[in-house]
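Work through the exercises below with the sequence and the model at hand. Each task is followed by its solution.

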Amino acid sequence: MQYSLRQAFRSGKFVTGFALFAAMLVIVIVYPLIITYPPLQIIAQGTFFPPGIYVSTYDSVNAPTTYTLNLDDAAAKRIASKLKAEDRTAMKEWLVAAGIPESEIDAADTAKLLAQWEANYDPKKQVAGMTFARSRYFQRVNTSISGLLSSEGAILATKAPDTGALQQAGTVKQTDYVNVSEIPNVRLLPLGTDNFGRDVLTELIRAAGVSLEIGLVAGIIATLIGLTLGLLAGYVGGVVDDVIVFITNLFTVIPGLVLLILISFSLGQDKRGPVTIAAVIGLTYWVWTARSVRAQVISLRNRDHVNLSKLSGHSIPHIIINDILPYIASYVIMAFILQISSAILAEASLSILGLGPRTTDVPTLGLMMNWAMIYQAHLLQKWWAYLPVLVTIAMITFSMNLMITGLDQVFNPALRD
Amino acid sequence: MASEKNSCLSGEGLTKIFGFGRTRTLAVDHVDFDFHEGEVVSIVGESGSGKTTLAKMLLGLINPTEGEIHFLGQKRDISSQKKRQEYWKNIQAIFQDPFSSYNIFTKIDGVLLDCIRMRGGGHLPKEKKIELMTEACSFVNLKFAELTNKYPFELSGGQMQRLMIARIFLLKPRILIADEPTSMIDACSRATILDYLMKLRDEIGMTLIFITHDIGLAYYVSDSVYIMEHGKFVERGSADEVILRPKEPYTRRLINDVPKIYEEWDLSTV
């Protein structure tokens, strides 16, 4: 056993898979210790804020010190962020439709284009063949470019508490800058927010932890049931074997997912905690472990070392534990890892159908997929709501399958490179 | 001479059938036998003749389909684990393949301690146990001090088979079934193993049931010989009688098939 463990760490595939899995485990454990935000706290008013650094505008305006930076490209950048190339082409199109000769319009010259726009644009004007949506678009462009070329600062005003009259409190010049590190309220949202306005990264890491727990619990339950039934059926044989094989066959012919859906559905919304779901998955996914353990035990039970153990007067439990179990341990370990990864996938499938764990308590990877799907993140192109979840599920199962392939090569010399 | 002694293990109409329907195999077909105390009996036959199946039935590892086995003149009863344990104190075995006979996860000490415990020595002080194990090992010319804390697979095939004999030395059973104990071992170690087996028999006076495909070996060690073909005993008698004056053609063929040095080997009968 020690030999094979040491050998496992010489297999490149196993080490890669193990390192990947260990890294994810460390992140899942360490991240909540450092970043202590509650994973399901709704922080954003609105749905699907894109990833980025969010700086408080109020705190920026009232920053203790403002710095003046004279940067050459500041004005150009400001214009570019409000007036994109496609807006310029659209404006040119409108002007041409309004009767200005195309040769007189230069979309690249911002000042000239804006002057022509100012002189000719009339939101009430009906252009032939233009849809309502298109004319709304031009109205939006018109509002966003007003005051674009202004070099004046903005005036800050406060309301007098008794009269309600506005009083000038200060001005913000275009060359004013604040240092982000001096702003008290800056929130980094590396993966934006989800449909309910929750930090996706914090949610994702907690969800990965819960999904791993579900996988582990389901894997332990499934492996224990499969191992016990397989050992009993294979070693004891006779009627015990017949009964166990009958039950196993019964479970084999019913598709696992259908059984899972039926059981989760009949449990009801209130009773579906992560552990319950894990138990349900474990109780339906033991079949293949039982079958293959039984097959291996049958081939082992007539070996000479088992006969010798019998002749030495050992009892059946002693023989099963000492003479059978160590010989199938490598297989059982591999089956266990496979059970964990398939349980994680099963939870994801269940949750996508809305039959996963209860929603207000903890997130799971499947639930995050479910929310992203219900709120149409894929149609709205809000990739941060579902892509990181997909990648996480893929990474967990990939690392586990890599470990199994590595172990397979260690335990089966015929597969070695 | 043999008939004067008490019957030790005998069987009547012993039959074993594996499978059913089209896969039905008659492995042992209504055999009768009578082994006497202190005798060396050889059961000779080619592969697939049912020798090992018979041995396993005698050991109580598989149940016969039909027939009865009598042990020490009484009907054998191994219906419960306790009775089986009692039976196995009296009958032990050495298997063909030493490499698969040991649990590779159990150390050599464990193998030998099991035997001491089975003889009721589980309560003995540690020093006494080590003394017993050392004695058993030195009987087969092994050094216990070198073997302790080692795994069986770290030994050579011959050493493993000698360890198996040391095991029997500790157990001191009435009957030992040696199922082709030398067939996986080279010719030089074979003589040593046989030597230790015969020495052990003389030492504890047990009945030795020697199962082999090698009729030359059978002649060399046994008092009486049973020739087995297709699950039946086709010829039986004292070693001299069967091998020097064979009656059955099958026996003659078996004798012919033994390769002889300095003589042309007739392969036409094979």
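Two residues are in contact if their C-beta atoms, placed from the backbone, lie within 7 Å. The model is predicted: local features need pLDDT of at least 70, side-chain atom pairs count only at pLDDT 80 or more, and totals for chains, interfaces and linings use all residues. Residues are numbered from 1 along each chain as its sequence is written, with chains lettered from A and ligands numbered from 1 in the order in which they are written.

**Exercise 1.** Describe the contact between chain A and chain B.

Step 1. Chain A gives 15 residues and chain B gives 18 residues.

Step 2. On the side of chain A, helix 13 (304-311) and helix 14 (316-352) each supply at least two residues; helices are DSSP runs (H or I, at least four residues), numbered from the N terminus.

Step 3. Helix 13 of chain A has the largest share, seven residues.

Step 4. This side divides into four nonpolar, seven polar and four charged residues (nonpolar: Ala, Val, Leu, Ile, Met, Phe, Trp, Tyr, Cys and Pro; charged: Asp, Glu, Lys and Arg; polar: the others, Gly among them).

**Exercise 2.** Which residues make the contact of helix 5 with helix 7 in chain B?

Step 1. Helix 5 spans residues 126-139 of chain B and helix 7 spans residues 157-171 of chain B.

Step 2. Helix 5 of chain B brings B:Leu132, B:Ala136, B:Cys137 and B:Phe139, and helix 7 of chain B brings B:Ala166, B:Phe169 and B:Leu170.

Step 3. By class, these are seven nonpolar, no polar and no charged residues.

Conventions: Axes are lines fitted to C-alpha atoms, for helices over the stretch in contact, and angles run from 0 to 180 degrees between N-to-C directions.
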